[in-house]
Amino acid sequence: MFRKDLKLIVSEKRFLFFSLILLAVTMIAVIFGSQNRETPKVSLGVCDNDNSQYSVLLVDYFKQNEVFTSYIEIVEESEDELERLFFEGKLDVYLVIPKDFAENLIKINNMPMKAVINSADPTKAVVYKTLLESYGQYISAVELNCQALYDIMDREGYPDSLVDEENFAVSYDLIFTALGKDEFYEIKPSERIKGISLVNYYIYSALMFLVLYCGTFAGLGLLRDKLSKVRLRMESIGNSKVKMTLSKSFAYTLICGGMVLISLIIVNLFSRFSFPAVSVISILLSIFISSLFFCVLGNVFKSEGGYIVFTNMLILLLTIVGGGIIPVMYLPEAIARVARFTPNYWFIKMLL
Amino acid sequence: MSEYLLRLKLLLRDKTALICYGLAVAVIVSVILGLNMHSEERSSLPIGLINEDNSPESENLRKEILKSKALYVYEGSRDYLQSLFLDGYINSLFIIKEGYGDNVKLGNTAELISIYSAEDDKISTVVGDIIAGCMLFEICIDKTYNRYMALNKLDGIEKLTYSEYCEYVEELSGDDSFAFSFDVSYIDAGTGATSAHDVTNGMVYRQMIAGMLAMLIMLIAFCSCNAIAGEYESGVRRRLFTIGRNVFLAGFREISAVATFMLPMIILMSVLFLKCMTGTEVIKLLCLNICFMLFGTLLFYILVRLSKNVFMYQFVSSFVVIGFGILGFISVFEGLLGSEIFGATPIAYYIELFIGIGG
């Protein structure tokens, strides 16, 4: 019976379609993977019209800071050149440090620093805005505390030369404390979970989508056997429903799972994505469970149309609720709680 | 005209189309009213926070972090937060270490906070930058106070106590001239147009809401054309064309009927945005939704004609809906991924236009 099921699957039209779709998904993953060797850095343009000791120090610090340069690339040019680069799409954001900026900062005469953000991509624009807001907080904290010390020393009658000297020294100290913010943290990377990029997340999500569809094919195959009375004939020669369901599930796992695995090997070879060896077992197991589930579902339905509409809706719902479209951490809390009960959530977790 | 009315009647008696329609309306109402309301907070970065120090300094920091609009903070026991972290519900876990207050007072700023994050995680670096903004005020007070205390005492002048010093800094912080902010402008580098709307956290989430709405429009168009696929399979269509039916005229009328069937939902989908959009923007959104609905209907009508049987139509169409959906959602993060290949898909284009309107 198992061999018959294998032959049936290969000879069906939908198998050809499944192969074509899998091929398309594989090609997209390969093209996308080969395009993105590294996560792109933020291109930040800086025009230092101040050119003071502080501003030069500030720009140099950022250019040399390892943590900062790991995600931001600084381009230092004139304002006109920055504007040209910005409109050519080579800069994501640029800052113009105004003339006498540091001097005015020390005198608590806040001169606004011009920041131009490319709003073409709202997601990136939100990240830049958040970063600029936190940098604004750094400047405010330094400025405020320098002024406080200055005022108190001045009020208590310390000599002007000492007040100025102390003001300069404390400004320097606080600026470098702010710039050295990376020291505030002790980073402990988790050995239990690997960082997952959004690309990988969606690749896993697409993989789960295919796993669920493998299951629907298995269920549809069983339903067709039921509607065409093939199953009745099989039962009359002593084959039980359980045996037929298991045979169908194994056959689909072997063929669809095999094709998915071939695709993964291609993706592994020709793109930067890599799937751990253990994921082979996870994927095959998932396809088998999915096939078994949809075969049981196929037993319940009485028409192909009803089955297809229901399973499509179910897959769509599971994909949305399980974090297949919006990652679980960004889902509303109520939906995120339900996500734990979807196969999509566990599938992605299993591959991590 | 009779073909138009007939198709409309058939649609209103088509159980599959009606169930799909009902479900879509329920989802749309919950998506727009529910998710849109929480878009600001849920677009923030979810992190876990534990305060292991009992000092007023660490409590101040905790309060500042909770106030940050850029972060969505979960608090609780270490086990609970660790399980959230391992289950992917939070991006990283920040622990204010014991002795934080004492160290800050002494001017020691090294390793005050432990960050648990995934290997090679870049987002926690950005979160670290945001939290540093909350820490710096306290750190700067203590650093400057230590410097002040190190100065020689002047005759007849009593030095300020720590609380008196802090009181003065607090008083000074009320002065708006210390609130430094950038003069930010948002310009679309592609078109040169200055953005009329401020960039907010909620924009990320609203792009996803737009993607969901586009998927639902496509889904209803897909279900509405289902019965036509059934007519091809049963041979009804062949019989209709043998009696001289004009293919293009019939197609036009049928597409019009499907569009009429979908119109109430499209109007509802646009009107529900009146809470967060102006009247003009809602009208623009309505036009966008109508255009997208016509595109979806036309697409699935073509797929019906190509498939000519129910199974093939449903199989191909569901891949089209979910496939375009996933590609559309990837396009939201495309800029961060360094690619531009998915921006050309229909749902990605819908999202772009939706945000352009003011979503």
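Rings of Phe, Tyr and Trp (for Trp, the six-membered ring) make a pair if their centres lie within 6.5 Å; planes under 30 degrees apart are called stacked, over 60 edge-to-face, and the rest tilted. What you see is a predicted model, where local features need pLDDT of at least 70, side-chain atom pairs count only at pLDDT 80 or more, and totals for chains, interfaces and linings use all residues. Residues are numbered from 1 along each chain as its sequence is written, chains are lettered from A and ligands numbered from 1 in the order in which they are written, and side-chain values use heavy atoms, with hydrogens and water left out.

View 1. In chain B, one aromatic cluster takes in Phe273(B), Phe292(B), Phe295(B), Tyr350(B) and Phe354(B). Over all chains, the structure has 26 aromatic pairs. Take Phe86(A) and Tyr94(A): their ring centres are 5.5 Å apart and the planes meet at 75°, so this pair is edge-to-face. Both Phe86(A) and Tyr94(A) are buried (buried is under 20% relative accessible area, exposed is over 50%, and partly exposed is in between, with a 1.4 Å probe and protein chains only).

**View 2. Two lysines of chain B sit over tyrosine rings.** The charged end of Lys159(B) is over the ring of Tyr148(B), 5.0 Å from its centre. Lys105(B) lies over the face of Tyr162(B), and here the distance to the ring centre is 5.8 Å. To count, NZ of Lys or CZ of Arg has to be within 6 Å of the ring centre and within 35 degrees of the ring normal.

**View 3. A salt bridge joins chain B to chain A.** Arg147(B) and Asp173(A) meet through their side chains, 3.5 Å from N to O (a salt bridge needs a side-chain nitrogen of Lys or Arg within 4 Å of a carboxyl oxygen of Asp or Glu). Arg147(B) belongs to helix 7 (residues 123–150) of chain B and Asp173(A) to helix 8 (residues 160–179) of chain A, so the pair joins two chains. Helices here are DSSP runs of H or I with at least four residues, strands are E runs of at least two, and both are numbered from the N terminus. Arg147(B) is partly exposed at 24% relative accessibility, and Asp173(A) is partly exposed at 23%. By the same rule, the count over all chains comes to 21 salt bridges.

**View 4. Arg7(B) reaches a partner from a distant part of its chain.** The side chains of Arg7(B) and Glu254(B) form a salt bridge, at 3.2 Å from N to O. Arg7(B) is in helix 1 (residues 2–12) of chain B and Glu254(B) in helix 12 (residues 247–271) of chain B, 247 residues apart. Both of these residues, Arg7(B) and Glu254(B), are buried.

**View 5. A salt-bridge network in chain A.** Through shared partners, salt bridges tie Glu81(A), Arg84(A), Glu88(A) and Lys90(A) into one network. One of the links is Glu88(A) to Lys90(A), at 3.1 Å from N to O. Glu88(A) is partly exposed, with 40% relative accessibility, while Lys90(A) counts as exposed at 51%.

**View 6. Helix 15 of chain A has its buried residues on one side.** In this helix (residues 343–351), Asn344(A), Tyr345(A), Phe347(A), Ile348(A) and Leu351(A) are buried. They span an arc of only 165° around the axis, which puts them on the same side of helix 15 of chain A. The arc is taken from the directions from the helix axis to the C-beta atoms. Residues three or four places apart point the same way because an α-helix has 3.6 residues a turn.

**View 7. Loop residues with a positive phi.** Most residues other than glycine have a negative phi. Lys229(A) has a positive phi of about 70° although it is not a glycine. Lys229(A) sits in the loop between helix 9 (198–227) and helix 10 (230–236) of chain A, and counts as exposed at 52% relative accessibility. In chain B, Glu111(B) has a positive phi near 50°. Glu111(B) is in the loop between helix 6 (100–106) and strand 4 (113–119) of chain B, and is partly exposed at 43% relative accessibility.
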